[in-house]
Amino acid sequence: MSVELDVFVGNTTIMDKEVYQLWLNGYTVNDAVTLRIEGGVMEECEVLLSDTMDQYRTFQMCERLLHHPAKLANQLLFQIPPDRQAMLIERYYAFDDLFVREVLGKKLSKGTKKDLDDVSSKTGVMLKSCRRQFDNFKRVFKVVEELKGPLVENIRQHFLLPDQLARDYAAIVFFANNRFETGKKKLLYLTFQDFAFCAGQLINNWTLGAVDNMMEDMDVDLDKEFLQDLKDLKILITDKDLLDQHKSLVCTALRGKTNVLNEMEANFKNLSRGLVNIAAKLINAKDVRDFFIDLVEKFIEPCRSDKWTSVDVNLYLTHYTNSAHILDTFKHHSVWTRYMGVIKSCILKMYHE
């Protein structure tokens, strides 16, 4: 009786990038074989099946190491060159923008994980891949929430991720910690990268780490003292003389520079009240969660309805910010600059004409 065996012998562990991607995407071995054949791999079906099964086994054995990427370089079971290790880690922690957009700002809990069936159906991302991505988010969150120091750097060092991917994970962690609302209908036009940009602005300017880069939870929690100080900005809208002066300075500076000056003038007080009231309420956790919906409702939508261009918005916010510093009785210059710098950057990113 003869027995046929397929034997793979070698020193360096064989890892096909395309097969790895199929495994990451959640395909079964049989589906992966079919896709490899359709992709033009010229092998007999049985050989291709054995090769695919062997590589899938290798990936599954590597997975526990990928949960702690630093271990991959120190283990002796697999001979994997450094450049291939970097590829394995980067792809394992990569995520689908459509998937992350669905879970962004939600609690990374068992309850959210139970909803992944629906997320998979909605996004077209396979359930197995959804679970891997969700578990990665949760793993990174748990590790970095205990660490002091810069969030992006902590993620990069502990998970050996390239800079941009580390920044994206920092945004995911930041949104999960502060539970920002991102799922309301008015916010659905915004992409993950729109939100990730805004997260970077908030982390770099409004967190404890923006003041002291060795504070505990420095880049995860907003600076409470700063949020308290934002209440002082209300004088810009409660003092009628100050409000009128501010309006006059801004409109004078804008004259001859825009086609929507009349609309800017007519809407100035409403827009100013909107922006200042957002600032004054950020001390409350619920209002922090509603930050993006408030920006859309209080500023972006009114400007859109008056047909402002992105150039108009940039011009208006620049003069709106700068003119406050000229007001005689306004004393809160550093808080104003710190607040409006982020507001302007976020609005410009979110303002899709």
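Let me begin with a definition: helices here are DSSP runs of H or I with at least four residues, strands are runs of E with at least two, and both are numbered from the N terminus. A second one goes with it, since on a 1 Å grid over the protein atoms alone a pocket is an open set of points with protein on both sides within 12 Å along at least five of seven lines, a cavity is a set of points where a 1.4 Å probe fits but cannot get out, and lining residues have an atom within 4 Å of a point.

Please keep in mind that this is a predicted model, in which local features need pLDDT of at least 70 and side-chain atom pairs count only at pLDDT 80 or more, while totals for chains, interfaces and linings use all residues. Residues are numbered from 1 along each chain as its sequence is written, and side-chain values use heavy atoms, with hydrogens and water left out.

The largest pocket has a volume of about 370 Å³, where a volume is the space filled by probe spheres set on the grid points, which are joined across faces, edges and corners. Of the 16 residues that line this largest pocket, Arg101, Glu102, Thr182, Gly183 and Leu188 are the closest to its centre. Helix 6, residues 97-103, and helix 8, residues 116-123, each supply at least two lining residues, and helix 6 gives the most, with 3 residues. Sorted by class, the lining of the largest pocket has 5 nonpolar, 4 polar and 7 charged residues, where Ala, Val, Leu, Ile, Met, Phe, Trp, Tyr, Cys and Pro count as nonpolar, Asp, Glu, Lys and Arg as charged, and the others, Gly among them, as polar.

The second largest pocket holds about 220 Å³ of space, and of the 14 residues that line it, the closest to its centre are Arg167, Ala196, Phe197, Ala199 and Gly200. Which helix gives the most to the lining of this second largest pocket? It is helix 12, with 8 residues, and the residues of this lining divide into 7 nonpolar, 5 polar and 2 charged.

The largest cavity has about 40 Å³ of space, and among the residues that line it are Val100, Leu104, Phe137, Ile172 and Phe175. Helix 6 and helix 11 each give two or more residues to the lining of this cavity, with the largest share, 3 residues, coming from helix 11. The lining of the largest cavity divides into 8 nonpolar, 1 polar and 1 charged residues.

Now please look at helix 1, residues 17-24, in which Val19, Tyr20, Leu22, Trp23 and Leu24 are buried, where buried means under 20% relative accessible area, exposed means over 50%, and partly exposed lies in between, with a 1.4 Å probe and protein chains only. These buried residues pack against helix 2, helix 3, helix 5 and helix 9, and contact here means heavy atoms within 4.5 Å. At the start of helix 1, a side-chain oxygen of Asp16 comes to within 2.8 Å of the backbone nitrogen of Glu18, and after the helix comes Gly26, whose phi is positive, near 95°.

Most residues other than glycine have a negative phi. Leu160, however, has a positive phi near 55°, and Leu160 sits in the loop between helix 10 and helix 11. Arg179 also has a positive phi, near 55°, and is found in the loop between helix 11 and helix 12.

Finally, a search of the whole structure finds 0 disulfides, a disulfide being a pair of cysteine sulfur atoms within 2.5 Å. Cys251 is in no disulfide, and the nearest cysteine sulfur, that of Cys303, is 13 Å away.

Notes:
Polar contact = N/O pair within 3.5 Å; in protein donor to acceptor, adjacent residues only side chain to side chain.
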